[in-house]
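This briefing is meant to be read alongside the sequence and the coordinates. Please keep both at hand while going through the points.

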Amino acid sequence: MASESTAKPETSITEHLNELVLTSSDVGEFLHELARISARSLSEPGDEVLCGVTLLRHRKAATVASSSPEAQAMDEIQYDFGDGPCMTASREQVTIHITDLRNHDRWDSYAETVLGQGVRSILAIPFVLEGETRAALNLYSHRPGRFEGRVLELAQDFVSQTSMALRLAVRFAHYSDAAANLKATLETRTVIDVAVGVIMAQNRCSQEEAFELLKAASSTRNIKLHSVATSIVDSLGQGPAKTHYEG
């Protein structure tokens, strides 16, 4: 059994992660720090715990963070097989605890492969998130029975405390992606609108007629509408069209 001296994640860790949500450049940076903190919190000298974070989005799994290259490799083995404890924990929102892979009869091929890497025990705990996004904290050890008793309780408590921070990180990432997509859409629309204005001036036609001419040029040349519009704006020699935002 793992030593009872394993340090319990303190409130300061949760506070640090909450602060990291606000300062991280993206959700990936936040999750890497989460994986490193998890591994440090449960590891002991000469007894390293490997940690990865599995994220399920649009029914696809990916390890978006890991405490080390070895932890990353352990997660990716199950993706090659298409299933495993971490993917099951994420998908079904249940804790998967394998005390000893040598005595485990589920995911036979996966278990055999991971055993070949020296891993004996696995613990996968799902985060409580929102919407369709699913995630789990994946812990690996070279010792059997590493996550029993108090250590299991500490890991579950850690995931419970950090789920809120992860929910915020995922939510901010969603808003950031939405804002980036909106900005790209507006910038594309600006170039097209400027090009339409140029065509109106050159051909003394209506806005609707100018847009139809632009579409016809796009179809004839088999070039995207935005690319045709960009070439028209560039031909003016005044630089690219810019979208102005008011903050």
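The points below concern a predicted model and are grouped by topic.

**Overall organisation**
- The chain contains eight helices and five strands, and from the N terminus on its elements run in the order α-α-β-β-α-α-β-α-β-β-α-α-α.
- Of the 247 residues in the chain, 43% are buried, while the accessible surface comes to about 13500 Å², with 50% of that area belonging to carbon and sulfur atoms.
- When contacts between residues at least 6 apart in sequence are considered, 61% of them join residues at least 24 apart.

- In soluble globular proteins, nonpolar side chains tend to be buried together.
- The largest nonpolar core here has 27 residues, and those with the most contacts inside it are F127, L137 and L139.
- Two or more residues of this core come from each of helix 2 (27-42), strand 1 (50-57), strand 4 (121-126), strand 5 (134-141) and helix 6 (150-203).
- Another core, of 18 residues, lies apart from the largest one and includes A111, I122, A124 and A136.

**Surroundings of F127**
- Once neighbours within four places in sequence are set aside, F127 is in contact with L34, V53, Q93, A135, A136, L137, V159, T162, S163 and L166.

**Helix 4 and the residue after it**
- Helix 4 (residues 85-92) is mostly covered, with six of its eight residues buried, namely P85, C86, M87, T88, A89 and S90.
- Q93, which follows helix 4, has a positive phi near 55°, and Q93 is also among the residues in contact with F127.

Definitions and conventions:
Residues numbered from 1 in each chain as written. Predicted model: local features only at pLDDT ≥ 70, side-chain atom pairs only at ≥ 80, totals over all residues. Heavy atoms only, no water. Core = buried A, V, L, I, M, F, W, Y, C linked by side-chain atoms within 4.5 Å. Buried < 20%, exposed > 50% of the residue type's maximum accessible area, 1.4 Å probe, protein only. Helix = DSSP H or I, 4+ residues; strand = E, 2+ residues; numbered from the N terminus. Contact = heavy atoms within 4.5 Å. Areas by Shrake-Rupley, 256 points an atom, 1.4 Å probe, with all protein chains shown as cover.
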